[in-house]
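Hi,

Here is the model I promised to pass on.

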Amino acid sequence: MDNGREDVTRPGPARVGGASAPPEISSSQLVIYGAGGFAREVAWLAEAVSAPAGVPSVVAYADDAATAWGREIRGVPIMSLAAARERFPDASIAIAVGDPATRRRMVERSEALGFAPATLV
């Protein structure tokens, strides 16, 4: 299938469950924690797995850099993690940072605010 993207294995927790698992997203709303290049790849994955079911996916990007707040990525707002939790209390979260130590800290912050991790397969 030629979708204009290179066929590569997706890194990190976004690739869970094996290739034969049916597409699934754990919540109808998804906040992506991070707003860089890896976040765009996670958004692409979320759109790909939610499109067949017609499920809305990415509702916000959360970022720790205050200079990013108020901007958008493809029409989706970037805000603080706390603002994302307040605005989308039922959303699940996907951590979109490659560095393991940074990702662990981000998981801890998001769990402290009550976010549940998203399942994207």
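Contact, as I use it here, means heavy atoms within 4.5 Å. Helices (H or I, at least four residues) and strands (E, at least two) are DSSP runs, numbered from the N terminus. This is a predicted model, so to speak of local features I needed pLDDT of at least 70, and side-chain atom pairs count only at pLDDT 80 or more, while totals for chains, interfaces and linings use all residues. Residues are numbered from 1 along each chain as its sequence is written, and side-chain values use heavy atoms, with hydrogens and water left out.

Let's start with helix 1. The helix has 14 residues and reaches 20 Å from its first C-alpha to its last, close to the 20 Å expected at 1.5 Å a residue (that is, 1.5 Å times one less than the number of residues). Its buried residues (under 20% relative accessible area with a 1.4 Å probe, protein chains only; exposed is over 50% and partly exposed in between) are Ala39, Val42, Ala43, Leu45, Ala46, Val49 and Ser50. Seen down the helix 1 axis, they fall within an arc of 160 degrees, so they line one face; the arc is that of the directions from the axis to the C-beta atoms. These buried residues pack against strand 1, strand 2 and strand 5.

What about the cores? A nonpolar core is a set of buried Ala, Val, Leu, Ile, Met, Phe, Trp, Tyr and Cys residues joined through side-chain atoms within 4.5 Å. The largest has 18 residues, and Leu30, Ile32, Val42, Val58, Tyr61, Ile78 and Leu120 touch the most other members. Strand 1, helix 1, strand 2 and strand 4 (76-79) each give two or more residues to this core, and helix 1 gives the most, with six. A second, separate core of 16 residues includes Ala60, Ala84, Val97 and Met106.

Cheers
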